[in-house]
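Here is a short briefing on the structure shown below.

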Amino acid sequence: MKRIVVVILALGLLLLANLSLFIVREDRQAIITEFGAPVGDAIDTPGLKFKLPWRNAQYFDRRFLEWQGSAEELPTRDKVFIFVDTYARWRISDPLLFFQRLRDERGAQSRLDDILDGETRNAIANHDLIEVIRSSNREAAADESYPDAGGGLEEIVTGRDKIRQDILAAAQTRTDDLGIQVLDVQFRRINYGEQVEPDVFNRMISERQRIADRFRSQGQGQASEILGNMDRDLKRIESEAYRQATEIRGRADAEATEIYASAYNQSVQSRNFYEFLRTMEAFETTIDPNTWLVVSTDSDYFSFLKASGP
Amino acid sequence: MADNFPGGDSPLDLGNVTKVLRERLGGLKIVALVVVVGLLALNSVYTVQPEEVGVILRLGKYAGTKEPGLNFKIPVVDQLEKVPVRRQLKQEFGFRSENVAVRSSFVGNAEEANMLTGDLNAAVVEWVVQYRVVDPYRYLYRVRNLDGTFRDMSEAVMRKVVGDRTVNEVLTVGRADIEGTVKLELQALCDQYETGIDIDQVVLQSNNPPEPVKPSFNAVNQAEQELERLVNEAEAEYNRVIPRAEGQALQTIQQAEGYALDRVNRAQGDATRFNALYEEFRQAPEVTRKRLFIETMERVLPKVGRKIVVDEDVDGLTPIMSFEGVSTARTSRQVAAQQAGEGTP
């Protein structure tokens with residue numbers, strides 16, 4: 001019988017231990033409830049913990065948790081419909097409060113849906129599309145092959161990052177008393193709505209056509225410029241050659257004239273002699289078999305004949 | 001530990017039964033003990049592979065990280081999780097490699113890849129993030145559904161960065177810049193979320209314009225090539241014409257030089273000849289003059305077809321012209337002789 005008592009005692013102790021000892025894992029936190037009502041502080045350190053056997057341990061996640069926004073088609077202030085898909089990170093910062101206000105994660109998710117989706121809708125509706133897309137006023141990198149291609153980057157006032165932070169701040173104040181902390185909100189995806197998309201594509205196509213036309217006319221322009229240069233160079237080369245050649249000829253003619261003059265123009269006698277010589281040469285070149293020579297008997301020539309005759 | 005009772009041949013003696021039971025149970029106890037101890041021992045020994053570390057939770061609390069090799073833990077109390085810290089992990093965005101082999105095939109994922117650029121155009125961006133776990137504790141215990149979170153982060157950061165760039169930058173010139181910026185911002189977000197992840201590399205795959213717009217982008221490429229073609233053709237024409245013209249110009253100039261040489265040389269030759277003759281002439285003017293005249297006549301007159309000598313008293317030529325035959329008779333003896341010597345008129 002003694003043995004049975006020992007066994008029962010041991011079983012009792014085990015049961016007691018099982019009821020009053022509990023393990024909080026590294027990624028969890030816990031609160032203790034007594035008949036449904038929380039008692040004491042939350043337990044947010046991991047390890048082996050102790051509680052009164054009739055109390056219950058309620059575990060909550062200690063990690064960063066997900067929240068996915070519902071991807072919705074929303075109008076921006078400039079009336080463009082875009083799909084906005086957000087996500088958020090949050091954590092249970094005060095398990096007691098969390099348990100009282102929201103009970104569990106499902107409750108938290110649906111409350112976050114209300115708050116974050118609402119804030120997102122407001123933010124999008126209050127800003128132009130460009131403000132939602134861009135986050136800074138950085139200059140686009142220059143691209144030599146596409147000078148001023150595309151619309152360029154429009155200036156923004158607020159910007160994606162600021163809008164995101166505003167949503168976060170608004171959500172944080174509204175979740176303050178829920179025992180949760182929203183850590184971050186991000187725009188995961190932003191795309192054009194189905195009805196806007198064809199217009200955007202058409203705009204992109206016409207933009208590309210504009211660039212293509214530019215390239216074509218640029219090509220024609222550059223080609224014309226080259227051909228123009230060619231004509232100019234051609235004229236320059238030809239005229240320079242003509243100028244040089246004519247100068248050379250002119251100088252040569254001048255030199256030759258000077259040489260002739262210095263030879264023929266030495267004195268009256270030399271001038272006469274030149275005339276005589278030149279006449280003689282002219283005879284040789286001008287007279288041919290078709291020439292009729294009509295000589296008067298009193299001509300110089302004939303006088304020679306007379307004089308030299310027998 | 002419910003063992004079967006002894007066989008049917010046992011006598012129905014209660015004392016005997018308990019005795020047999022006790023003997024049998026004694027043996028079983030030892031066996032059970034050995035089995036339990038063996039199981040516990042097996043449970044307390046484990047190996048950590050070279051690319052991993054082991055993380056120990058002792059009664060739910062983090063109790064250190066174990067390096068690769070053979071390790072021990074307290075059975076039941078310690079829990080082990082292995083994290084591949086030395087392996088480079090990879091996530092694909094905008095597409096999925098279907099079967100990773102020598103020839104991988106890829107499937108686009110439009111939802112992930114479509115995004116808006118800063119000039120309000122649309123682009124299809126595909127990218128890969130390579131990362132490693134550097135803090136196994138944070139990796140395991142700080143973020144729930146870390147893989148999903150990481151995907152969300154990567155998409156958000158990529159869209160933010162692309163949203164600040166023109167479509168041209170996204171498709172062509174700005175790729176390296178985008179990769180670098182995304183890497184930095186994603187790392188910052190990883191640190192903020194306490195993921196324990198270190199980004200090695202962000203690699204952009206093929207960035208494309210959306211499918212309906214693609215042909216017009218190709219048209220731009222074609223136009224660009226046409227530009228080059230037109231310019232090349234014009235340059236070819238230039239190169240064909242100008243060097244030839246330059247050659248011709250040189251030819252013209254050389255010809256002029258030739259003319260100049262010719263002209264001057266001739267002039268000099270003529271002058272020298274004249275001077276020589278003139279020297280002779282000055283010494284005996286009359287004789288030289290006559291000699292030259294006669295010599296010239298000698299050369300010239302034989303070429304003359306008809307020679308008519310008219311008396312100085314004759315008023316007109318007509319009477320002579322009508323007597324063609326007579327003309328020869330009336331010429332002087334010398335002239336007639338010369339004409340005969342010529343042979344042909």
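Strand 10 (residues 292-296) of chain A and strand 13 of chain B run parallel and are joined by 5 bridges. Two strands count as paired if DSSP finds at least two bridges between them. In this pairing, A:L293 stands opposite B:K307 of strand 13 of chain B. Helices (H or I, at least four residues) and strands (E, at least two) are DSSP runs, numbered from the N terminus.

This is a predicted model: local features need pLDDT of at least 70, side-chain atom pairs count only at pLDDT 80 or more, and totals for chains, interfaces and linings use all residues. Residues are numbered from 1 along each chain as its sequence is written, while chains are lettered from A and ligands numbered from 1 in the order in which they are written.

**Where the chains touch**

- The contact involves 101 residues of chain B and 105 residues of chain A. Two residues are in contact if their C-beta atoms, placed from the backbone, lie within 7 Å.
- On the chain B side, elements giving two or more residues include strand 3 (61-66), helix 4 (146-162), helix 7 (214-283) and strand 13 (306-310).
- Helix 7 of chain B gives the most to that side, with 39 residues.
- By class, the side of chain B that touches chain A has 50 nonpolar, 22 polar and 29 charged residues. Here Ala, Val, Leu, Ile, Met, Phe, Trp, Tyr, Cys and Pro count as nonpolar, Asp, Glu, Lys and Arg as charged, and the others, Gly among them, as polar.

**The two chains**

- Chain A has 8 helices and 10 strands. Its radius of gyration is 55 Å, well over the 19 Å that the globule rule gives for 310 residues, so chain A is more spread out than a compact globule. That radius is taken over C-alpha atoms, and the rule is 2.2 Å times the number of residues to the power 0.38.
- Along the principal axes, the C-alpha atoms of chain A fill a box of roughly 200 × 50 × 35 Å.
- Chain B has 11 helices and 13 strands.
- Buried residues make up 28% of the 310 residues in chain A and 26% of the 345 residues in chain B. A residue is buried if 20 or more other C-beta atoms lie within 10 Å of its own, exposed if 12 or fewer, and partly exposed in between, with C-beta atoms placed from the backbone.
- Take the contacts between residues at least 6 apart in sequence: 69% of those in chain A join residues at least 24 apart. For chain B, the share is 63%.

**Nonpolar cores**

- A nonpolar core is a set of buried Ala, Val, Leu, Ile, Met, Phe, Trp, Tyr and Cys residues joined through C-beta atoms within 7 Å.
- The largest core has 78 residues, of which B:A123, B:V125, B:V157, B:V162 and B:L186 touch the most other members. Helix 4 of chain B gives this core its largest share, 7 residues.
- Leaving out residues up to four places away in sequence, B:V162 touches B:M115, B:T117, B:A123, B:V125, B:V170 and B:I178.
- Another core, of 11 residues, lies apart from it; A:I237, A:A245, B:A249 and B:A267 are among its members.

**Residues to look at**

- A:R63 lies in the loop between strand 5 (56-61) and strand 6 (65-68) of chain A. A:R63 counts as buried, because it has 22 C-beta neighbours inside 10 Å. Beyond four places in sequence, its contacts are A:D27, A:R91, B:Y141, B:R142, B:V143 and B:R144.
- A:K235 is in helix 6 (residues 197-264) of chain A. A:K235 is exposed, with 11 other C-beta atoms within 10 Å. Its C-alpha atom is separated from that of A:D44 by 93 Å.
- A:K79 has a positive phi, near 65°, in a residue other than glycine. A:K79 sits in the loop between strand 7 (72-75) and strand 8 (81-92) of chain A.
- B:L59 also has a positive phi, near 50°. B:L59 is partly exposed, with 18 other C-beta atoms within 10 Å.

**Confidence**

- The model scores ipTM 0.75 and pTM 0.71.
- Chain B has a mean pLDDT of 82, and 81% of its residues reach 70 or more. pLDDT is the predictor's confidence in each residue, from 0 to 100.
- In chain B, pLDDT stays under 50 over residues 1-11 and over residues 322-345.
- Where pLDDT is low, the predicted coordinates should not be read in detail.
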